[in-house]
Amino acid sequence: IRRLDPTVVNRIAAGEVVQRPSSAVKELVENSLDAGATSVSIVVKDSGLKLIQVSDNGHGIRYEDLPILCERHTTSKLSTYEDLQTIRSMGFRGEALASMTYVGHVTVTTITEGQLHGYRVSYRDGVMEHEPKPCAAVKGTQIMVENLFYNMVAHRKTLQNINDDYPKIADMIRFAIHNINVSFSCRKHGANRADVTASSRLDAVRTVYGISVARHLMEISVSDDNPAGSTFKMDGFISNANYTAKKTTMVLFINDRLVECTALKRAIEVVYGATLPKASKPFIYMSICLPPEHVDVNIHPTKREVSLLNQESLIETIQNAVETKLMTSNTSRTFPAQAVSTLSTSNFSANKETQRGSTFSGTKSQQIPVNQMVRTDSRDPSGRLHAYMQDGPSQHGKKPNMNSVRTVVRLRRNPKDTEDITTVNALARDIDCNAHAGLLDIVKNCTYVGVVDETFALLQYNTHLYLMNVVNVSKELMYQQALRKYGKFNAIQLSDPAPVLELLVMALKEEDLDSVGNENDDLKMKIAEMNTELLKRKADLLDECFTIHIDEQGNLTRLPVVLEQYTPDMDRVPEFLLSLGNDVDWDNKKDCYQTISAVVANFYSMHPSILPNPSGNGMQFYKENRAQIG
C-alpha cells in the first residue's frame, strides 16, 4: 500500500464533483445565488470545454479571502458538522472551485461593496498563481474556467462532441423558474440572447419552455403537518390532460435546492399513465419546503440528490394530490382539428395568372439580395415560399434545358431509372393531392410580421394573425425539396472524410447521456458496426439518388445540397447517419425513397438552439414517428 500524492488525490476527487461542464456551471450558478445575486450570466464556448464564464452581481469576495478561495474544504457556509442540520445555502463543502482548478484554468474577478476597484487572480491546483492584481470591475464576481479537463485526456475524449453538453448547460436556466427575482441568461460565446426575467413563476415557465407548455399548466399545492409522518409544504404546476409529450420534464426544488428525485418522478408518471390515454408524459414543476433537519443534503458528490425523512409518506401524499387534481380537471379535452376549406384549386390557378400580370412585373430590380429581404407584401414573388420550389412541367413551346435532356437520355438507357422516377413522381403526386387548399392560400398570400421565439413566427393573412411553426414548415419544405431534386442534387464536399462508425457511436452515446457506466458500450459499438455495414451496402443507392457518398472505407465524404445557399447544422450529422441506418425501410422502393427523404428533411430543417419545447408537434422528429413521415 502506498500513500498517493496529494495532486493525484485532488484530481481524482475533482472528477467526482466536476463530471461534465454542466456540473461546473451548476456549482457556479449556485454560488452566485448564495451570494445574493439578482443577475446571473452564463457564457460558454465549445460546450464549456474551452470556456465557462459565470458573472453575477452578488456581494463579491473579500480581498482577504482570495488566497484560500480555491483550497479544498474552505467555505463560508458552515463551520461545524452540526451546521448541516439547519443549512439553507446550496453550497457547503468548499470543493467546487478547488476541483475546477485541478482540471482547468480558473480566473476570478471580484469586487465588494465600497471598494474603489476590484481584483483579478488566477488559480491552478488550488493555489494562486500570482498575487491579486487590481483591475476595473463591476459589482459582484466573475469566474472563468478555461480548458476544462485539459489534463484528463481519457475523460476529455468522452466529451468530444462539442454540442453534447450545451443543452444541459442551457438547462441551468431552470433556476429562473424558482428564483423569479433573479435575471438569468445563457448563451454561446459570441451569440446574443435576452435575459430570462419574469414577474411570476408561470411567466418564467412560459419564457423558458414556451407558451405551448404554459397554457396547459395547472397550479397545485399540498401540505402535511402530521408530526408522526411527513411535515412539508409543496406548491407548483403540473400539466393538464391536454398536454402531450414523449418525455417527462420535471423541475424539482427542495428547500430552494435544484435536485432530482427518481422515486417521486416515477410515482407521478404512474398517475399520468393511469389517468391519461397513451401514457402521456407530464411537465412538472414543484417546490417542496421541509424542516432543514428532515433533509440530508450530503449524500451525493454534486449535491444532485438529497435524502428525505419519511420519504415514502411524502411521495404518497403528493401522488394522491396530483391524481385528485388530474381527475377534477379531466372533464374536457381539446383535440386539434383541421377546418375544411371551400376553396378549390381553380381559385389558385386564377390567382396565379392574376399575379403574373400584376404591376410587380414591371418594377425595378431589387438592389438587396433576395435572401436578405423581409417580405412586407404577400404579392411580391421574391418573398414567397414558392421561390424555393421547382416549377412544374415546362409549358409548350418552351425550349428544354440541359437537365431535362440528360434525364430523357438517362431514362432511355436505363429502364430501371424510369421505374425509380415513376415512384418518386407518385410520392410528389401524393403531396399535391393532400395539399390543404386553405392553408396553401395562407402561405401564398401571407405577410411576414416577425419572429415570436425560436420555434414560431408570426404571419398576417387578410385580417388574421397566424403562428407558424417554423420547425414543421422547414421539415415539410426540405422533404418536398428532397423528393423534387431526386437524382439531381448538387454536393457539399466535406473537407475531411468523416468516419461513419465513429459518428454512429457518438450519436448512440448522445441518445443515452443519462446512462451511468460503460456496460452498454459493447452494445452501442455492435449497433454502430451493423449500421455502418448497412450504409456501405446501400452506398450506391444513396450516392446516385441523394448524393450521400460513403466510400469503401466507411467514410462520409459528400452531402446533398437540398436548398441553395443553405448549409445544415453539421453537429447533427451523427443523428442523421443513425436515422439513415435505423429509420429507412430498404425493402419497399416507395417507402425507401419516402423515408430517406424524410431523414434528409429532418437533418436540413431548422432546430431551436436553446431548451427544446418538450410538447407539441413542432418538436417531434420524423424518425420517432414513422407514421408522420408521409
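Which residues of H2 are buried?

## Helix H2

In this predicted model, the buried residues of H2 are Pro-21, Ser-22, Ser-23, Ala-24, Val-25, Lys-26, Glu-27, Leu-28, Val-29, Glu-30, Ser-32 and Leu-33. The helix is thus described as mostly covered, with 12 of its 14 residues buried.

H2 covers residues 21–34. The distance from its first C-alpha to its last is 20 Å, close to the 20 Å expected at 1.5 Å a residue. Just after H2, Gly-36 adopts a positive phi of about 80°.

## Overall composition

The protein contains 20 helices and 21 strands. Of its 630 residues, 46% are buried. Among contacts between residues at least 6 apart in sequence, 69% join residues at least 24 apart.

Helix H20 comprises residues 589–604. At 1.5 Å a residue, its 16 residues should span 22 Å, and the end C-alpha atoms are 23 Å apart, which agrees. Because 13 of these 16 residues are buried, H20 is largely enclosed by the rest of the structure.

The N-terminal end of H20 is capped by Asn-588. A side-chain oxygen of Asn-588 lies 3.1 Å from the backbone nitrogen of Lys-590.

## Packing of H18 against H20

Two packed helices are described by the angle between their axes and the distance between those axes. Helix H18 (residues 539–546) packs with H20 at an angle of about 70°, and the two axes are 12 Å apart. Angles from 65 to 115 degrees count as roughly perpendicular, and H18 and H20 are therefore roughly perpendicular to each other.

On the H18 side, the contact is made by Leu-541, Leu-542, Cys-545 and Phe-546. H20 contributes Tyr-593, Ile-596 and Ser-597. By class, this contact has six nonpolar residues, one polar residue and no charged residues.

Most residues other than glycine have a negative phi. His-73 has a positive phi of about 60° although it is not a glycine. This residue lies in the loop between strand E2 (51–56) and helix H3 (96–103).

Asn-255, also not a glycine, has a positive phi of about 55°. Asn-255 is located in the loop between strand E11 (249–254) and strand E12 (257–259). Is Asn-255 buried or exposed? Its relative accessibility is 12%, so Asn-255 counts as buried, the cut-off being under 20%.

Notes
Residues are numbered from 1 along each chain as its sequence is written. Side-chain values use heavy atoms; hydrogens and water are left out. Axes are lines fitted to C-alpha atoms, for helices over the stretch in contact, and angles run from 0 to 180 degrees between N-to-C directions. Helices (H or I, at least four residues) and strands (E, at least two) are DSSP runs, numbered from the N terminus. Angles under 35 degrees count as roughly parallel, over 145 as roughly antiparallel, 65 to 115 as roughly perpendicular and the rest as oblique. Contact means heavy atoms within 4.5 Å. Ala, Val, Leu, Ile, Met, Phe, Trp, Tyr, Cys and Pro count as nonpolar, Asp, Glu, Lys and Arg as charged, and the others, Gly among them, as polar. The expected span of a helix is 1.5 Å times one less than its number of residues. Buried means under 20% relative accessible area, exposed over 50%, partly exposed in between (1.4 Å probe, protein chains only). A polar contact is a pair of N or O atoms within 3.5 Å; within protein, one must be able to donate a hydrogen and the other to accept it, and residues adjacent in sequence count only if both atoms are side-chain atoms.
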